[in-house]
Amino acid sequence: MKVSYFPGCTLKNKAKELDKYSYLCAEKLGVTLEEIEEWQCCGGVFSTAKDEIASKLSSVRALKAAKSKEQPLITVCSGCHNVIKQTNYVMQNDKEFADKVNKYMAEEEAYNGEAEVYNYLELLRDVVGFDKVKEAVTNPLGGKKIAAYYGCLLLRPNSVMKMDDPENPKIMEDLISAMGAEPVIYANRNECCGGYIALEDPKAAEKRSNDIIRNAKAMGAEMIITACPLCKYNLVKNGADIPVVYFTELLAEALGVKEEKDGE
Amino acid sequence: MQRIGVFVCWCGSNIAGTVDVKAVAEALKSEPGVVFSTEYQYMCSQAGQDLIKDAVKEHNLTGIVVCSCSPRMHEATFRKTAAAAGLNPYMVEIANIREQCSWVHKEMPLGTEKAIILGKAAVAKVNLNAPLTPGQSPVTKRALVIGGGIAGIQTALDIADAGFPVDIVEKKPTIGGKMAQLDKTFPTLDCAACILTPKMVDAAQNENIRIFSYSEVEAVKGFVGNFEVKIKKKARYVDETKCTGCGACIEKCPQKKVPNEFNLGMDNRRAIYIPFAQAVPKVATIDADYCNMLKNGKCGVCTKFCAAGAIDYKQKDEIIEEKYGAIVVATGFEPISMEKFDEFAYSQSKDVITSLEFERLTNAAGPTAGKLLRPSDGKHPHKIVFVQCVGSRCASCAEKGKEYCSKICCMYTAKHAMLTRDKYPDTDVTVFYIDVRTPGKNFDEFQRRAVEEYGVNYVKGMVGKVTPEGDKLIVRGSDLIANKQIKIDADLVVLAAAIEPDKTARPLATMLTASMDTNDFFTEAHPKLRPVESPTAGVFLSGTCQGPKDIPETVSQAGAAASKVIGLLQKDMLLGNPCVASSNQLMCNGCSSCERVCPYGAISYEDKEFPGPNRTVKVRRVATVNPAVCQGCGACTVACPSGAMDLNGFMNSQIMAEVDAICK
């Protein structure tokens, strides 16, 4: 099947592995990611904190593009997913806001949240199916103990994201099991890494990140996987002494589509 | 032609508030067959019923329509009224203009219009009603109690005391249920075992009580007064009549690593076991999942040490068939699984436990012999956090918890907190709560004592997260009164898990055709006026299978259920329901469709002679209905392709007349 794909800025710079392996893994699982044309930055997480319209327009453009191709829109970065999903929710539920946006866009057809937005993890769980992922694994991860790190943006607010129980999620753990590794449940897997506060108060971000790494290790984790470039940045920068990798990278390894030199 | 009287009830303002009752009475006056029509404030009252009786005599009525509440509420009342006035009780029809009309409409014109239409339909039906006479059936004077916890034991004892034989079916190897696992009971703090075990012994010694332990109900047939029940007595591989309960086999059993369910897996038992010292019956049971002899034929140690020769590896499940007049459901509860509440780190740390596990840890017969020690390292905990409402009152998370209040947690948590402070004054105890709910005799005084005399720290707010950190548990919660976030480095966290009905309740309800609510609690016949009866005749409810309850409430309900059973069993004959199916054998083509859909096995086929053309005789296979078994569900009348099946009191012609009246 073919789906629309929104990579996001970071995936073309710092988080190239997240992007590249999204393509390779999807192809292996029979899904073609079609990158939407002339996509722009999702607007960044800051835009969700304000009622501003301008900063949400680029998300709406991405959503409209998917709608016009009658495809679901797949995101992979937690930040982009949160912004686009929340924008779509506002377009569905806040008529006044949607009218204003449609006037700005000044295009023939109005957009009212018709497109469906899935995170890549939801694509794996709900469209492909974790059982199919398991069948496609050629290089099982040999019971390696892996901790899923969710952060805050992927699951919250639950009323909008509707992906998994934000207090006690299991979507990444189920993926880890499907890849033949052993998921490590640890309390801080859905705590915030510090996020953008790393710019203003690096000490605070350091403390947050350390709490997460220490807790994961104490529960026996040998590796942490995440879907969020900012989370990875904070965890690595603040001294993670076990590997922190994107989930698509690990999936590529399990599916046997990883290129040897990467991940260094 | 019938002479019909119409009686429209106001039900105070319940109906009259949104239905113009005078207009309804007036409109129905001109319906075919109606010779009298009136309204009254409370038709079910003595004065209302007298009004009906007088009208029957004065106007020579042959049929009655009462426009009032649901027939479930007062159909029986008005049938009695009709009978008192000399009419056949089945000449009464109820038009439900309350639950299905006035309560769901807000505007008077709409409500009135609908009430008139419903009244017309009832009149159309009564025009085709015929007098019906119920058959009689004898009552089997024996009761079945399903579940041997405190609810089942109390019900059985009360029925037995009235002189009727009772059987208790318990799925576990011993009766006693959850109460046997508890340490002390609120609000008096007497020990649970001291008040429960004498009752268990009473049950075992009562000559009117038989206990089928390690047994389950397999199938239920029949109806009130005449249930036929199949009970599966699971093979325990020990002859109950020979075993003396000496325990020699248990001591010698080499399979020592079986998680002990009585202590919630906090220690191990052997493959052959007696759940606890005061078990009733006190006989050993072999756990086939772990016994080496049963699994691969290698062992047999217990046979060697059994002086009574009670071990029988070849024992098979046994089916017992018995007849009962009444069935009491007492299947009880289970705490919910903590799997979906891992924000409290239950799977991550052994020192996060449920309240039932805490009971075992403080029980003298528990895995620590009553010493409060951490499961992880056996050390004494100095800071304990109790979290209430874990999975209860969870309106926003119904997919993982329960929307209802589990009712018992506030009190047992206060008990745990108080007992901890009493035994170990060096321990800090904090309780997180949403609300403290302590309605009950001496309950609020009890909880206040925990705070005021024992210094338990109650915090209004919920815990957001528990993080294991070294040998501590970092508990983060909010104090809503002080409006601040709190962090406690606790040694032990105790979760007051919500309670839910036992898993066996749902399949049992299907067998009994007894209804359940969305939470799988059994539904009572009326929430206020018939709280211990199921809507299915002859099925009664005892204890937490009907809703969360503490021990005093359970025991009162158990007694109430018993008194209803005794009332039923002391009758020699029961009047049946005459609204049963009957087959017009001239039209029946013998296709068996009805037989296949009948859930009660009430339909059978017979070869019967019918006159054919030219004085010949033709033998045809036709359906007959056993009216004593038929429950009048009507499934056969729908399935019958030739229209031969009809339901007395709900004839196809009557239903069509109602539809016509509504669509007119």
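# Strands, helices and chain contact in a predicted model

Visitor: In what order do the 3 strands of the open sheet in chain B stand?
Guide: Strands are DSSP runs of E with at least two residues, and helices are runs of H or I with at least four, both numbered from the N terminus. Two strands pair if DSSP finds at least two bridges between them. The pairing in this sheet is antiparallel, and the order is 11-12-17.

Visitor: Which are the edge strands?
Guide: An edge strand here pairs on one side only. In chain B that holds for strand 11 (215-223) and strand 17 (318-324).

Visitor: What does the twist average from one strand to the next?
Guide: Axes are lines fitted to C-alpha atoms, for helices over the stretch in contact, and angles run from 0 to 180 degrees between N-to-C directions. On that basis the twist from strand to strand averages 20 degrees.

Visitor: What pLDDT do local features need?
Guide: Residues are numbered from 1 along each chain as its sequence is written, while chains are lettered from A and ligands numbered from 1 in the order in which they are written. In this predicted model, totals for chains, interfaces and linings use all residues, side-chain atom pairs count only at pLDDT 80 or more, and local features need pLDDT of at least 70.

Visitor: Over how many bridges do strand 12 and strand 17 of chain B pair?
Guide: Lys233(B) stands opposite Glu318(B) of strand 17. Strand 12 (residues 226-233) and strand 17 of chain B pair in the antiparallel sense, over 7 bridges.

Visitor: How are helix 2 and helix 4 of chain A oriented to each other?
Guide: The axes of helix 2 (residues 54-68) and helix 4 (residues 95-105) of chain A come within 11 Å and cross at roughly 80 degrees. Angles under 35 degrees count as roughly parallel, over 145 as roughly antiparallel, 65 to 115 as roughly perpendicular and the rest as oblique. Therefore helix 2 of chain A is, relative to helix 4 of chain A, roughly perpendicular.

Visitor: How many residues of helix 12 of chain B are buried?
Guide: A residue is buried if 20 or more other C-beta atoms, placed from the backbone, lie within 10 Å of its own, exposed if 12 or fewer, and partly exposed in between. Among those buried in helix 12 of chain B are Glu357(B), Phe358(B) and Arg360(B). Helix 12 (residues 355-362) is largely enclosed by the rest of the structure, because the buried residues number 7 of the 8.

Visitor: How many residues of chain B are in contact with chain A?
Guide: Two residues are in contact if their C-beta atoms, placed from the backbone, lie within 7 Å. Chain A contributes 9 residues, and chain B 12.
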